[in-house]
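Here is my note on the model, point by point. Please read it with the structure open.

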Amino acid sequence: MVVEQEQTLDLLGNRFVSPRGGPIHRLTAALCNSKLIARYRRKFTSFFPFLKLRSDVKNVVYMNWILETDKVRHLVPRGLELWEKDGMTLFTILTYRHGSFGPSFLGPFRRLFLSPLQSNWRLYLKSAPPNVPQGSTVLFLKNTMSSHLYALGTRVFSDVLATHHPRKFIHKQKKGGFETFLSPGKGSAPELKCSVEESDEKTINKEFSKLFDSWEEIVEFLSFQDAAVSYTDRDSIFAFSQIELPIDTSTIQPLKLQLEEFSCPMVDDFAPLSEPLCYVIPKVRFLATSETLIELK
């Protein structure tokens, strides 16, 4: 199990590597990857309830692909099972702008916190891990934030967000759509370039129709998630976090990816079976309600 997890972490590249050189960035990498800091933080926080985090998220752009399950099965920890149907599963990249991401108890004072960009790359699990609250659960493969401070903070103070920091991160609304650009530089962040245009077609293509009966059904499946699982730096130990996403499905707008402007090495490696199904959620109040460590055997 130890060897398997180390090999998977190597494939994912979830050890933090700074996108730039210099003493400050070397110090950041050392702090982000410090097992000693993580161990003492876990001991300290075990005496206190979880500090709930809230954000007024906006412009959440989803890009979703169908993959052969065998292409990504090796990325799933033993003890967990991918959601799949007829040998196919789903992979999602979702990118958004936070809105004052900080402790929920601060109320209106939360506006003092920053609103970084974030991109989550995830697979879908058949069920939550044993011995935790059951619900729709995803497996995080990559998490990236535009803020150097938030990337450091999530690494030092959390287990569930093994966040990377890219050299350049753009996610902005343009006339008739959105454009996103992630450049890792010398760092460990993933690479992505894409442009999506607004569409009126709430339909699914032939490949997606093998898995779902309608556009509404797949959007509900992809959007409403209750929890996430992430790798940690410890053998057989994983992070489990519960979240709340009260999404108004009537606001969801379909999008169409401009294939000629798309570039993503990870997606290329997965060799998707379909063109992506894309949409945007204009706004949603995100709440992280818990985080715990679990052991999988």
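1. Terms for the sheets. Two strands pair if DSSP finds at least two bridges between them. Helices (H or I, at least four residues) and strands (E, at least two) are DSSP runs, numbered from the N terminus. E179 stands opposite S195 in strand 9. Strand 8 and strand 9 (residues 192–198) are antiparallel, with six bridges.

2. Basis. This is a predicted model: local features need pLDDT of at least 70, side-chain atom pairs count only at pLDDT 80 or more, and totals for chains, interfaces and linings use all residues. Residues are numbered from 1 along each chain as its sequence is written, and side-chain values use heavy atoms, with hydrogens and water left out.

3. The hairpin. Strand 7 (residues 168–174) and strand 8 (residues 177–183) run antiparallel, joined by seven bridges. Q173 has F178 as its bridge partner in strand 8. Two residues separate the strands of this hairpin, and G176 in the turn has a positive phi of about 80 degrees.

4. Strand 2. Which strands flank it? Strand 1 pairs with strand 2 in the antiparallel sense over nine bridges. Strand 4 (residues 117–124) is also antiparallel to strand 2, through seven bridges. I66 has L90 in strand 2 as its bridge partner; L94 has N120 in strand 4. Nine of the 10 residues of strand 2 (residues 88–97) are buried. Buried means under 20% relative accessible area, exposed over 50%, partly exposed in between (1.4 Å probe, protein chains only).

5. Helix 5. Its buried residues are Y150, A151, L152, T154, R155 and V156. Their cover includes helix 2 (23–32), helix 3, strand 5 (137–145) and strand 6. S147 caps the N-terminal end: a side-chain oxygen lies 3.2 Å from the backbone nitrogen of L149.

6. S158 sits in the loop between helix 5 (148–157) and strand 6 (163–164). Is S158 buried or exposed? S158 counts as buried, because its relative accessibility is 14%. Its side chain reaches the backbone nitrogen of V160 at 3.3 Å. That is a polar contact: a pair of N or O atoms within 3.5 Å; within protein, one must be able to donate a hydrogen and the other to accept it, and residues adjacent in sequence count only if both atoms are side-chain atoms. Beyond neighbours within four places in sequence, S158 is in contact (heavy atoms within 4.5 Å) with R41, G153 and E291.

7. Salt bridges. There are nine in the structure. The criterion is a side-chain nitrogen of Lys or Arg within 4 Å of a carboxyl oxygen of Asp or Glu. D159 bridges to R42, with the closest N and O atoms 2.6 Å apart. This pair links distant parts of the chain: D159 is in the loop between helix 5 and strand 6, R42 in helix 3, 117 residues apart. D159 counts as buried at 8% relative accessibility, and R42 counts as buried at 12%.

8. A further pair. E81 and K126 form a salt bridge, with the closest N and O atoms 3.8 Å apart. E81 lies in the loop between helix 4 and strand 2 and K126 in the loop between strand 4 and strand 5, so the pair ties together parts 45 residues apart in sequence. E81 is partly exposed at 43% relative accessible area; K126 is exposed at 56%.
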